[in-house]
Amino acid sequence: MASRSSSIATSIPPSGVKRRLYQVWKGNNKFLCGGRLVFGQDASSLFLTSFLIGGPAITFCIRMLLSLKKEDPHFSNPVLIGGVVLTVLVFVFLLMTSSRDPGIIPRNAQPPELEEPLDINTPSMEWINNKAPNLKFPRVKDMTVNGHTVKVKFCDTCLLYRPPRASHCSICNNCVQKFDHHCPWVGQCIASRNYPFFILFISSSTLLCIYVFAFSWVNLLRQKGRLWVNMSHDVLSVTLIVYCFIAVWFVGGLTVFHLYLISTNQTTYENFRYRYDKKENPYTKGILQNFKELSCGRIPKSMINFREWVVVEDDIPDESYTSDLERGFISSKHKFDMEMGTMYGKDGMGVPPILKELDYSGIDDTLKKKAGEKGGEYDIFVPAEQTKSKTGGANAQEEKQ
């Protein structure tokens with residue numbers, strides 16, 4: 001019983017601190033309501049978007065409210081109600097688009113394990129596990145989707161092979177399922193879990209622009225007198241007409257473009273990168289089925305529970321899985337973890353602080369000189385025994401002098 005209790009005690013981190021996952025999340029997301037609302041890094045842009053939409057919409061509603069006493073209530077009341085309903089819908093869809101997990105893929109703490117380690121040195125293979133230098137794996141793998149071969153890439157940041165149609169957002173610093181694009185106007189990635197709400201948001205915004213534009217004209221035409229005279233007296237309606245005419249080209253054009261993407265079952269990322277109009281699209285199922293997949297399909301569940309409790313270690317980890325592309329060339333005397341700022345010896349153990357201050361430049365010059373005499377090549381990976389022998393010889397010469 002004592003041995004069992006001691007084993008349980010050792011399994012519990014003595015210096016661990018329990019926190020919510022959203023509090024220690026490594027992405028650039030912002031959270032509200034205890035991790036229930038997930039925003040992107042540039043969530044502050046929502047204030048500008050809300051002002052650009054709500055300003056003219058609320059102004060139009062106030063204009064219709066003030067005209068209830070002067071004009072026919074049977075006309076003004078339905079128009080006012082319609083404007084209020086459309087405005088509320090736009091803001092609801094905006095909130096559901098920007099505050100929802102777009103489909104973030106959980107990160108791996110360690111690189112994936114291969115069934116068969118590969119030793120072939122090809123350009124598509126990199127060092128990933130610095131503790132096991134013989135382990136290599138391809139950066140790109142082939143997968144079959146609907147009878148077509150699709151390439152999936154390895155993400156150095158999230159330490160995983162991205163699923164088909166997934167991509168890593170450089171702004172939010174997350175791999176996201178069925179990544180469409182990162183929208184600066186909503187401050188969030190647009191992907192599998194919020195794309196339907198994004199379509200509803202831009203569609204309702206387009207409809208709101210047309211609604212305000214049309215009934216602002218009606219307000220002018222219903223007034224008695226010449227049109228130009230009425231326009232000079234009703235500057236507010238003229239301003240709304242001009243504003244909505246300009247805005248509808250942007251939001252309406254975006255809506256039409258995404259309707260095209262839906263009909264061909266593409267994402268914005270795929271449309272600009274792969275150009276499926278020049279080659280076959282492995283994901284399309286026909287126009288009707290593509291629209292049915294979006295409108296009637298279920299929204300996938302979130303892969304991450306940002307409110308779950310996790311144990312955070314206080315100690316600095318002794319492992320680094322950063323790839324050579326991110327780390328650059330590493331000296332033969334030590335390894336340096338760029339993220340944690342920790343120096344490692346050749347065996348992977350932490351280097352004492354006193355050894356970090358030693359000057360190794362003389363050894364580097366000696367190795368380069370010897371390599372140049374042999375064949376003009378300098379091997380960056382030098383065995384520890386060879387380094388010790390060269391270092392010992394250099395120290396002996398200094399003592400003789």
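**Note on the predicted model: annotated spans, helix packing, sheet and loops**

1. According to the unreviewed UniProt entry, the annotation "transmembrane region" covers residues 46-66, 78-97, 197-220 and 240-262. Positions from UniProt are given in the numbering used here, feature names are shortened, and annotations may be inferred rather than shown by experiment. In residues 46-66 the end C-alpha atoms lie 29 Å apart, and the span is 100% helix and 0% strand. For residues 240-262 the corresponding separation is 31 Å, again with 100% helix and 0% strand. Helices (H or I, at least four residues) and strands (E, at least two) are DSSP runs, numbered from the N terminus.

2. The model is predicted: local features need pLDDT of at least 70, side-chain atom pairs count only at pLDDT 80 or more, and totals for chains, interfaces and linings use all residues. Residues are numbered from 1 along each chain as its sequence is written, and side-chain values use heavy atoms, with hydrogens and water left out.

3. Helix α6 (residues 235-264) and helix α8 (residues 287-296) have axes that come within 7 Å and cross at roughly 110°. Axes are lines fitted to C-alpha atoms, for helices over the stretch in contact, and angles run from 0 to 180 degrees between N-to-C directions. The two helices, α6 and α8, are therefore roughly perpendicular to each other (65 to 115 degrees; under 35 is roughly parallel, over 145 roughly antiparallel, and the rest oblique).

4. Which residues of α6 and α8 meet? From α6 they are L259, I262, S263 and T264, and from α8 they are I287, N290, F291 and L294; contact means heavy atoms within 4.5 Å. By class, this contact of α6 with α8 has five nonpolar, three polar and no charged residues. Ala, Val, Leu, Ile, Met, Phe, Trp, Tyr, Cys and Pro count as nonpolar, Asp, Glu, Lys and Arg as charged, and the others, Gly among them, as polar.

5. The whole structure holds 13 aromatic pairs. Rings of Phe, Tyr and Trp (its six-membered ring) pair if their centres lie within 6.5 Å; planes under 30 degrees apart count as stacked, over 60 as edge-to-face and the rest as tilted. The ring centres of F257 and F272 are 6.3 Å apart with planes at 55°, so this pair is tilted. F257 belongs to helix α6 and F272 to helix α7 (residues 268-273), so the pair ties together parts 15 residues apart in sequence.

6. An open sheet has three strands in the order β6-β7-β8, with antiparallel pairing. Because β6 (140-145) and β8 (160-161) stand at the edges with a single partner strand each, one side of each is left without a neighbour in the sheet. Strands pair if DSSP finds at least two bridges between them; β6 and β7 (residues 148-155) have six, in the antiparallel sense. M143 stands opposite V150 in β7, and K141 has V152 in β7 as its bridge partner. Two residues lie between the strands of this β6 and β7 hairpin, where N146 takes a positive phi near 55°.

7. R162 lies in the loop between β8 and β9 (167-169). Beyond residues up to four places away in sequence, R162 touches V152, K153, C155, S167, H168 and C175.
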